[in-house]
Each structure stands twice: as structure tokens, then as C-alpha cells.
Amino acid sequence: MKRTYPVFRKSSNEEEKLVKETFDYFLDKESTNPLDNYHLWTKEGKIKEIYAIPEETNKLLQNMNKPIYSSGIPLGSIFQNKFQLEIEGAHLILPLTNKIIEIKTEQFLYGKPIFVENIENFETSFEEGDLLIIVGRNKLHYGIGISRISSKNIQDAKRNAILIKEFEKKPRDRGWYLRYGN
Amino acid sequence: MKPIQPSASVYNLGEKYGYLPYMIDRYIEIFGEEETTKLLHFYESELPKIIRLNSLRSPYSKTVELLTNKGVELKDILGIEEGKEVVSSLVPIGATPEYLNGYYFLQGKNSMYPSLVLNPKKQELVGDFAAAPGGKTTHLAQLMENEGNIFALELSLKRCRSLKANLSRMGVKNTTVFQMDTREVTTLGIEFDKILLDAPCSGSGVISSDYTRKSSKTLDDIMNYHEYQTSLLSSSLEVLKTNGKLVYCTCSLEPEENEFVISRVLDKCDIELVEINIDGDRGLEKFLQYEFHEDIVKTKRLYPHKTGGEGFFIAKMVKNR
């Protein structure tokens, strides 16, 4: 029986728009969008994977009808018409955004939540439901997460209140590379 | 003249450590009784822990500083700027935030040589066949400064996943992973400037990290590897450009997986072996009753007990047409 492989194709305008919206959310109007240097490609599936591919690779992959597993930088995935930023997409944005929260524990890298008491610093205010990039000491990238508490309520929140919930099985903290990547 | 009979002690040592007798026979054939004894003893020791610093994520000096501040003592490796030996560490070196950010890769010293020997350039199209888990692929990308293109082929879906994870972690963006058999690489319809073929092998050079290899492979298994490796190399040469370079390597010490494979393709393809400028022993000129092509001495054998690393065989060739 002949095996079939997921289609790997250039992203549609609609898919590109979803990705761009997420990047725009993180970037100042003056910032150069890092996606400007890449072409977006989609790997088909129930969950679509989105990749940022440099120009040189983009040229080579045109008209290549072969089982491509991955290429370039995996930015995130589209499920039910929503784009979810993943680890490497966030890493691309990190130098260009101030939606960053710095924490003083490595537990998040082990698939654990971030508690209020773990916060070291945050560069800008944020609301409940906002997507934030998480860094540790030395500004090393740890991952991304959705805030469950607004920054203006942090002072009054309990120290053991969960600020960011873990995503155990999604590639949203860099510990995922150890837990599932190998 | 009557051949010198090896003493019982080396066989006793082999038995004590759990080797199949045929392995001891051929090690004695390859490099004599004394060296065989040294090799068997060496395999009982743990290999030094080595990391490869990744300039795609962080300058070497910064990574060294971060690790030193964490209580990791590093030592330079002669001739490999990016390689460092971990002398001691207060933290688990395979799980630090720096590791997870791709600042370094855990990689044996000798397994860094194939990528260095291939010497890929920025603008080239490089093939990395049987690529997972990606130690050499990420090294190639680093040497190419993330430019040009690497096409990494891997047959196993599971291993494609670990390959992708390592490429992502290390910040590689010039690589495309194809889930396909290297023997079908001609169907891609392209030709490569350079190719690295780290062929699947019996692994007799890495017994220090896999003791089961002492008894898990028979001579028949080795011959099966030989056939597979020869077909992989033949297919790879088909998609190499004229004047293109190819590095073939295995982590096996068996001549059938190394000199015999190279000899077969030398007989049927228009290629030439290229001298490799790294420390190590020359390829075997003969084994049992077989005499290899005179150029086989241009290949390199890295013996574990002599190099303090994994056992490797490396051959570099150029395609004439």
C-alpha cells in the first residue's frame, strides 16, 4: 500500500493573516516584523503547522512534491482557525517585544505552572488572558504562556495563586524539548 | 611461517566482559593482541562528557561564562574550537536552561569530525542522509552560519521528530527534513554540492555507551549492514554534483562496514578518495585475505582507546563525473 504524507505548501493569505495578527500583537508599530525575511509554509493536518522559511529554501521547495517533514523555523500551529504561537515563534519575537515576564524559578521548564511568588519582573502591564513571553534569569528564554491575572491585581493576589498555567503537552516551554522532543 | 597464536588472556578478557568470540578474533586481526586488550579495557570506562558550543544561539565566550558561573568546569579540545570537555559540573548538563535554549549540544568528540571534514560553505546545498537525531546536522548548519540549504533525510517518523526538535532547539533555519529512504534520494531530482552520509551501522565503536553491542550483532548482521551501507553510498553518489564532496562515516570498527564499502564504490563509481587531515589511524590496507585499493589509506580510523572518544571511520571522496 502506498503511504501518503501530509501536504507541505505555501501558506494561504488567510493563514498568513492569522500569524501576522499574533506577531503584530507583540510588536510595536515601529518594530520591523521578523516575518518580513521569511516565507510562510503550512504543513497540512488536523492541526496545521506553520513554518517560516528563508528565501533560499523557499526557492528550492517550490514544486517539490516530496514528503517534507519540517523546514525552517516552526512558528506555531493553526487549530480551529486560531493560530497558537509555539516556542520558536516566541523566540523570534523575544528581542522585539516588551510583553515579557521574568521569573526566578526553573520549574516552568519542567511543565509546572508559574505562581505569583515566582515573578521577578515584568516590563509592561498586562491583562488577564494576555499572551506573554517568559524569560528566566540572564534573560534566557523559557517559553510562552497566558496570564490568568491582570498585572494591576498582582500586588493583591495570593503568593501561591497561579499566574500562568502549564501546557504540559504543547511545545510552549523549552523543557518540552526534553519531555517530548527526544 | 606459522602465524603467531594469540594468548588465552585476551580471549579470557573478552569472555569476562561478555564479547562474542568472533569480535575478539577480528580485533586481534586488525590491531594485535596488545591493542585489543587496551580497547577492551577502555570500553569498560565511561567516555568523557563533551559539549559542542552553538554559535547560532550564543557566542562561545558567553556560553562558557554562563556555564562557568553555574559551576561547570570546561576544558578545551585541541583542534575543535567549538568542542569542550565537561570536567565537572554542579548542574545536570543535559537539562540547563542554556541547553534548552540550544547554547550547546551534547556530542561526542569524534562525532564532530565528519562535519568538520566535510567543511560545508554558506552558499552550498548540502545533503545529510540518515540524519537523526541531528548532532551532525546542527553542526553543519552552524558551520554554514545558517545560510545555504541542508536537506536532511530520515526514514523513521519517530526519529524525524527528534531531529526536528534538535534543529529547533539549536536555532537552525536553513534545514528541510524529508521523511524518506536515502536509497530513494534520486527522486528529489536535485544534485548536492556536498553530502554527509553517517550510515546506520552495527555500532561497534560505541560499546562504552551500549554494552549490549558486545553480544547483540553476529557476522551475518554485519554483512547485512554492509549491503545496506553500500546501497546508501551508491545512491548518495548518484545525487552528488561533479566535483562535489562526500563524507562517509560510521561508528563501527568492522572493515565490512568501512573499507569494504568504500572499495566496492571505488570499483564501480568515478570517485577519488581525499586525504583527511585529522589525527587517527589510516584505513586498513588489508583484512584477512583481502587487500584494499591503495588509496584506502587516505581514510581514517579513530580508535576509542587511542583517541579517548567514540570509535569512528571516516572517508572523504570527490566525484569526478
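Let's start inside chain B. In β4(B), L53(B) has Y104(B) as its bridge partner. That pair belongs to an antiparallel pairing of β4(B) with strand β1, residues 50-53 of chain B, over three bridges. Keep in mind that this is a predicted model.

Now the whole sheet. In chain B, four strands make an open sheet, ordered β2-β3-β1-β4, with antiparallel pairing. At the edges sit β2 (72-77) and β4 (104-106) of chain B, each pairing on one side only. From one strand to the next, the twist averages 35°.

On to the interface. Chain A puts 36 residues in contact with 37 residues of chain B. The two chains bury about 3100 Å² between them. Of that area, 57% is on carbon and sulfur atoms.

What about charge? There are two salt bridges between chain A and chain B. One of them joins E88(A) to R57(B), with the closest N and O atoms 2.8 Å apart. Polar contacts between the chains come to 16 residue pairs, both residues at pLDDT 80 or more.

Which elements of chain A give two or more residues to the side that touches chain B? They are β3 (48-54), α2 (55-61), β4 (68-71), β5 (73-79), α3 (87-93), β11 (141-146) and α4 (176-179). By class, that side of chain A has 19 nonpolar, ten polar and seven charged residues.

β4(A) runs antiparallel to strand β7 of chain B, residues 175-179, over three bridges. There, I68(A) has its bridge partner in F178(B).

Notes: Residues are numbered from 1 along each chain as its sequence is written. Chains are lettered from A and ligands numbered from 1 in the order in which they are written. This is a predicted model: local features need pLDDT of at least 70, side-chain atom pairs count only at pLDDT 80 or more; totals for chains, interfaces and linings use all residues. Side-chain values use heavy atoms; hydrogens and water are left out. Contact means heavy atoms within 4.5 Å. Buried area is the accessible area (1.4 Å probe) that two parts lose on being put together, summed over both. A salt bridge is a side-chain nitrogen of Lys or Arg within 4 Å of a carboxyl oxygen of Asp or Glu. A polar contact is a pair of N or O atoms within 3.5 Å; within protein, one must be able to donate a hydrogen and the other to accept it, and residues adjacent in sequence count only if both atoms are side-chain atoms. Ala, Val, Leu, Ile, Met, Phe, Trp, Tyr, Cys and Pro count as nonpolar, Asp, Glu, Lys and Arg as charged, and the others, Gly among them, as polar. Two strands pair if DSSP finds at least two bridges between them. Axes are lines fitted to C-alpha atoms, for helices over the stretch in contact, and angles run from 0 to 180 degrees between N-to-C directions.
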